[in-house]
Amino acid sequence: LNLTVLPTSIIILGLASNFFTGTVDLSRLPYGLLWLDLSDNALHGSLQVESIPPTVTDMDLSHNMFLWSFDAEGRNMSLVRLDLSGNQWDASMREFCFSCLPSWLEYLHLSNCKLNATLQLDLLP
């Protein structure tokens, strides 16, 4: 999905329930983007939280095949709502790093991701 052709003035981008395939480079999103919905497509690949523009507050990446990773350097962002539900994570991604989540995250949806670990609520931010 080529996001480099988007106008830089876009602040809300809804591309849900299409037939998009391939990978997504989140660093190519318009800098002023606030809301992104790529749910219900056939997108895949690794998503690095540090590549998300710091203005994004709401992301729905549900029902794709994304792999996700958090890095301490990605914590300088505005993200408050994150939906990763229904992603088909492989065995290496089934232990989600709850302690790596930004402390200001208000909504996190991870249903149907095939997580396989002991849930330690004390690790939640």
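Predicted model: local features only at pLDDT ≥ 70, side-chain atom pairs only at ≥ 80, totals over all residues.
**Exercise 1.** Carry out the corresponding analysis for H63: where is it found, and what is its phi?

*Solution.* Step 1: H63 sits in the loop between β5 and β6 (65–69).
Step 1: phi of H63 is positive, near 55°, in a residue other than glycine.
Step 2: the relative accessibility of H63 is 38%, so this residue counts as partly exposed.

**Exercise 2.** State in which order the strands of the open sheet are arranged, and identify the strands at its edges.

*Solution.* Step 1: write down the order. The sheet is open and consists of five strands, arranged β1-β3-β5-β7-β8 with parallel pairing.
Step 1: find the edges. β1 (12–14) and β8 each have a single partner strand, so one side of each lacks a neighbour in the sheet.
Step 2: consider the angle. Direction ignored, neighbouring strands of this sheet are turned by 5° against each other on average.
Step 3: Strands of a sheet pair through backbone hydrogen bonds, in a parallel or an antiparallel manner.
Step 4: inspect one pair. Strand β5 (residues 58–60) and β7 run parallel and are joined by three bridges. Within β7, L82 is the bridge partner of M59.

**Exercise 3.** Determine how many salt bridges are present, and explain which of them links distant parts of the chain.

*Solution.* Step 1: count. The total is two salt bridges.
Step 1: take the pair R28 and D25. Their side chains form a salt bridge with an N to O distance of 3.5 Å. D25 has a relative accessible area of 36% and is therefore partly exposed.
Step 2: take the pair D58 and R81. Their side chains form a salt bridge with an N to O distance of 3.4 Å. This pair links distant parts of the chain, since D58 lies in strand β5 and R81 in strand β7, 23 residues apart.
Step 3: compare the accessibility of the two partners. D58, at 14% relative accessibility, counts as buried, whereas R81, with a relative accessible area of 25%, is partly exposed.

**Exercise 4.** Decide whether N87 is buried or exposed, and describe its surroundings.

*Solution.* Step 1: N87 is located in the loop between β7 (81–83) and β8 (107–109).
Step 1: its relative accessible area is 0%, so N87 is buried.
Step 2: list the contacts, leaving aside neighbours within four places in sequence. N87 is in contact with L61, S62, H63, N64, M65, F66, N112 and C113.
Step 3: look at one polar atom pair. A polar atom of the N87 side chain lies 3.5 Å from the backbone nitrogen of N64.

**Exercise 5.** Which residues touch the most other members of the largest nonpolar core?

*Solution.* Step 1: this core contains 24 residues, of which L26, L36, M59 and L61 touch the most other members.
Step 1: examine L36. Leaving aside neighbours within four places in sequence, L36 is in contact with L13, L26, L29, D58, M59, D60 and L61.

Terms used. Residues numbered from 1 in each chain as written. Heavy atoms only, no water. Helix = DSSP H or I, 4+ residues; strand = E, 2+ residues; numbered from the N terminus. Buried < 20%, exposed > 50% of the residue type's maximum accessible area, 1.4 Å probe, protein only. Polar contact = N/O pair within 3.5 Å; in protein donor to acceptor, adjacent residues only side chain to side chain. Contact = heavy atoms within 4.5 Å. Core = buried A, V, L, I, M, F, W, Y, C linked by side-chain atoms within 4.5 Å. Pairing = 2+ DSSP bridges. Axes fitted to C-alpha atoms, helices over the stretch in contact; angles between N-to-C directions. Salt bridge = Lys/Arg side-chain N within 4 Å of Asp/Glu carboxyl O.
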